[in-house]
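Dear colleague,

Please find below the structure for your review. My notes on its aromatic contacts follow.

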Amino acid sequence: MKINDIPVRTATAPDPLDHFKWPNADYTRTPYRVFTDEAIHEREMQRIFQGPTWNYLALEAEIPEPGSYKTVQVGNMPVVVSRNQQGEVKAFVNRCAHRGATVVRQEFGKADNHPCIYHQWNYDSAGSLCGVPYRRGLNGNGGYPADFKPGQHGLQRLNIALYKGLIFGSFSDDAPDLIEYLGPNVVMHLDRIFIKPVKILGYHRQRISANWKLYFENIKDPYHAGLLHTFMATFGVYRSTQRGNTLLSPGGGHAVVYSVTNTDDTASVVEAYKGTTNKYQDDFALSDPALLQWTPDFHDGIGNLIISVFPNMVVHQILNTLATRQVRPLGTGAMELYWTYFGFEDDAAEQTAARLRQLNLVGPAGYISMEDGEAIRLVQQSVAGERDATSFIEMGGRGPIVDADHVVTEVCTRGFWQQYARTMGFEPEAS
Ligand SMILES: [Fe+2]
């Protein structure tokens, strides 16, 4: 048999997801299958992270000078966000255009160019190919064909949009304008936080043994916070008895949830926590109350505010801690949460010290958020292999996905699933 006689299989198998639809129109049920199915995960990487969305990459303050760069992740793609020699922000896929090796191996740095260690293809700070060894061969041997054009072999670029010092990237030319994408509620609350130039204070990296969407379910659901997090409930950092708001973006994918500190009283708290197992511990006190000393940066009483932007960003203010979080999927059953803590450039030394002291409220070993990782790991563990069962998401009611003037609701979680299903082509049949 000659090689040309070998039959080539050309028929494409039907996509097993073509018939997968959301089970109900108001997203009060989520099929557990979405947390474990490899085909769904693959489609997410394409349609969500490489689709017409804006992915949070970094803060401009992290790459302050020409040549500064940071390596990040968008979906499962390694990406470098960099400032070119003109000071413009660029982002490109961190994979050599020659044979696929990771080009930039440091997490942060500053460099005029980035040589790949494998064959020394060299890229500038915008990801354009600027040098190739042996291009014309050696001693008349080898070399690339005459039609080789370095301009055609740069690193794959992402489109960039900037807002208030936040850098967003998109693989798609079809993403809407960033402001339109974020919607007025998110823009208003980003404006509230990013009121002046920020100063980077440090990082946490947290690996969680759960699907990346379970983290969004968690962060968008304010009512778990007063129940799961004993520390929050006991010391009043957040309680569902506090006055608060739950605000959605058009389409529901992004949310702003906040509570106003000191708006509940002991009697209502004791009543609300009746029947829970030791979640409000009125006889607990901190041996060092400095941890919770709060000098408000903003003058609206909000002590706990979470902004979440589909598909990979969280921004928080918890008392004096300010941070962005980048969600990095690691296959179906794991993710990394990458926290960037910041203050403001004009913070006095004691303000910076206070922010750093309070930093351990959150993060992988924090008083508050360690439990989130464990709670969603427990979900991941118990849904393995599940095909048909769903969760039940009706706190706050069924029906339209709209803002609420309280925080006893799962409506933002339903909003997330609505935008997710639309992006993935999983909308319920009737809608
Ligand atoms: Fe939580």
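Helices (H or I, at least four residues) and strands (E, at least two) are DSSP runs, numbered from the N terminus. This is a predicted model, in which local features need pLDDT of at least 70 and side-chain atom pairs count only at pLDDT 80 or more, while totals for chains, interfaces and linings use all residues. Residues are numbered from 1 along each chain as its sequence is written, and side-chain values use heavy atoms, with hydrogens and water left out.

Tryptophan 417 and tyrosine 420 are three residues apart in helix α9 (residues 411-424), a separation of about one helical turn. Rings of Phe, Tyr and Trp (its six-membered ring) pair if their centres lie within 6.5 Å; planes under 30 degrees apart count as stacked, over 60 as edge-to-face and the rest as tilted. The structure holds 25 aromatic pairs. Among them, tyrosine 203 and tyrosine 338 form a tilted pair, at 5.5 Å centre to centre and 55° between the planes. Tyrosine 203 lies in strand β11 (residues 198-208) and tyrosine 338 in strand β17 (residues 335-344), so this pair ties together parts that are 135 residues apart in sequence. The pair of tryptophan 417 and tyrosine 420 is edge-to-face, because the ring centres are 5.2 Å apart and the planes stand at 90°.

As to accessibility, buried means under 20% relative accessible area, exposed over 50%, and partly exposed in between (1.4 Å probe, protein chains only). Tyrosine 338 is buried at 1%, whereas tyrosine 203 is partly exposed at 32%. Tryptophan 417 and tyrosine 420 are both buried.

Yours sincerely
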